[in-house]
Amino acid sequence: MAAGAVAAMAIAFGTGALVGPSAVAAPGVIVGPGTGYVTTGGLDDLTACSFAAVGYDASGTLVGLTAGHCVLSPGLPVTLIGNPGAGPVGTTVSSHWGPDYGVIALDPAKVIPVSSVGGVTVTGIGQAVPGQPVCKSGVASGVTCGTIREVRGSDLVTDTPTVWADSGSALVSGTTLVGIASHADGVPLLSPTVYASALDSVNMLGARGGTGAGFRPIGS
């Protein structure tokens, strides 16, 4: 879901969604749960993924929470799918696996952070439990819903599907972010989907310090 080949498709996907200069909002572009983005750099740095949530860290820096495997190295420019004309709106900062989370620093001069996109809203971060109804919002497949099948350490196993470019997207229960889209638990599309626990991710991010520590989503 975060390889160079799919990034090229995602760029085409985003360009197809651009209908003219009016598609680039002024003075900034909206970024929230499920918003898609592309990272650029060398050929090995290309990814196409989604945001789980945007908010501020303890130092007041505007950041986006996403999947760790979408942040292949720090300092990569981030451009929004569907709004390539806006240019880079941020840069990659850090990544982690187990739980699979990553941090992107956003440019407050270019970004309008929101808590709700496409009918999915994030107002807080909480713990998931087996049997809990959940929905995911990602740039590639939109909103899909299911239940938490299993909590496996910092991983949440669900029947809520994802496809390429949905990596990093928001998994919510109501308006509580519980997961970050990570990977298929076997064969993509045919197997359950694994999401990183959002609460474990934010707690670990806080313990590690740096940009993103103390993350609170917009609307919390």
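Taken in sequence order, the bonded cysteines of the chain pair 1-2, 3-4. The model is predicted, and it holds two disulfides and two salt bridges. Its largest nonpolar core has 35 residues, and a second, separate core has eight.

**Disulfide C49–C70**

- C49 and C70 are joined by a disulfide with an S to S distance of 2.0 Å.
- The link of C49 and C70 is left-handed, with -90 degrees about the S-S bond.
- C49 belongs to strand β3 (residues 47-50), while C70 sits in the loop between β5 (62-66) and β6 (77-80), so this bond ties together parts that are 21 residues apart in sequence.
- C49 has a relative accessible area of 0% and is therefore buried.
- C70 is also buried, because its relative accessibility is 0%.

**Disulfide C135–C145**

- The sulfur atoms of C135 and C145 lie 1.9 Å apart and form a disulfide.
- C135 is in strand β13 (residues 133-138) and C145 in strand β14 (residues 142-152), so the pair connects parts that are 10 residues apart in sequence.
- This disulfide is right-handed, because the torsion about the S-S bond of C135 and C145 is about 100 degrees.
- C135 counts as partly exposed at 24% relative accessibility.
- C145 is likewise partly exposed, with a relative accessible area of 45%.

**Salt bridge K136–D166**

- K136 and D166 form a salt bridge in which the closest N and O atoms are 3.6 Å apart.
- K136 lies in strand β13, and D166 in the loop between β15 (155-158) and β16 (170-173), so the pair ties together parts that are 30 residues apart in sequence.
- Are the two partners buried or exposed? K136 is buried, at 0% relative accessibility, and D166 is buried, at 0% as well.

**Salt bridge E150–R152**

- A salt bridge joins the side chains of E150 and R152, at 3.3 Å from N to O.
- E150 is partly exposed, because its relative accessibility is 35%.
- R152 is partly exposed too, with a relative accessibility of 36%.

**Nonpolar cores**

- In soluble globular proteins, nonpolar side chains tend to be buried together.

**Strand pairing around β6**

- Strand β2 (residues 36-39) pairs with β6 in the antiparallel sense, over three bridges.
- The bridge partner of P77 in β7 is T91.

**Helix α2**

- A198, S201, V202 and L205 are buried in α2.
- These residues cover an arc of only 95 degrees around the axis, which puts them on the same side of α2.
- Which elements do the buried residues of α2 pack against? They pack against β5, β8, β12 (124-125), β17 and β18 (193-197).
- G209 follows α2 and has a positive phi, near 80 degrees.

Definitions and conventions. Residues are numbered from 1 along each chain as its sequence is written. This is a predicted model: local features need pLDDT of at least 70, side-chain atom pairs count only at pLDDT 80 or more; totals for chains, interfaces and linings use all residues. Side-chain values use heavy atoms; hydrogens and water are left out. A disulfide is a pair of cysteine sulfur atoms within 2.5 Å. Helices (H or I, at least four residues) and strands (E, at least two) are DSSP runs, numbered from the N terminus. Buried means under 20% relative accessible area, exposed over 50%, partly exposed in between (1.4 Å probe, protein chains only). A salt bridge is a side-chain nitrogen of Lys or Arg within 4 Å of a carboxyl oxygen of Asp or Glu. A nonpolar core is a set of buried Ala, Val, Leu, Ile, Met, Phe, Trp, Tyr and Cys residues joined through side-chain atoms within 4.5 Å. Two strands pair if DSSP finds at least two bridges between them. The arc is that of the directions from the helix axis to the C-beta atoms. Contact means heavy atoms within 4.5 Å.
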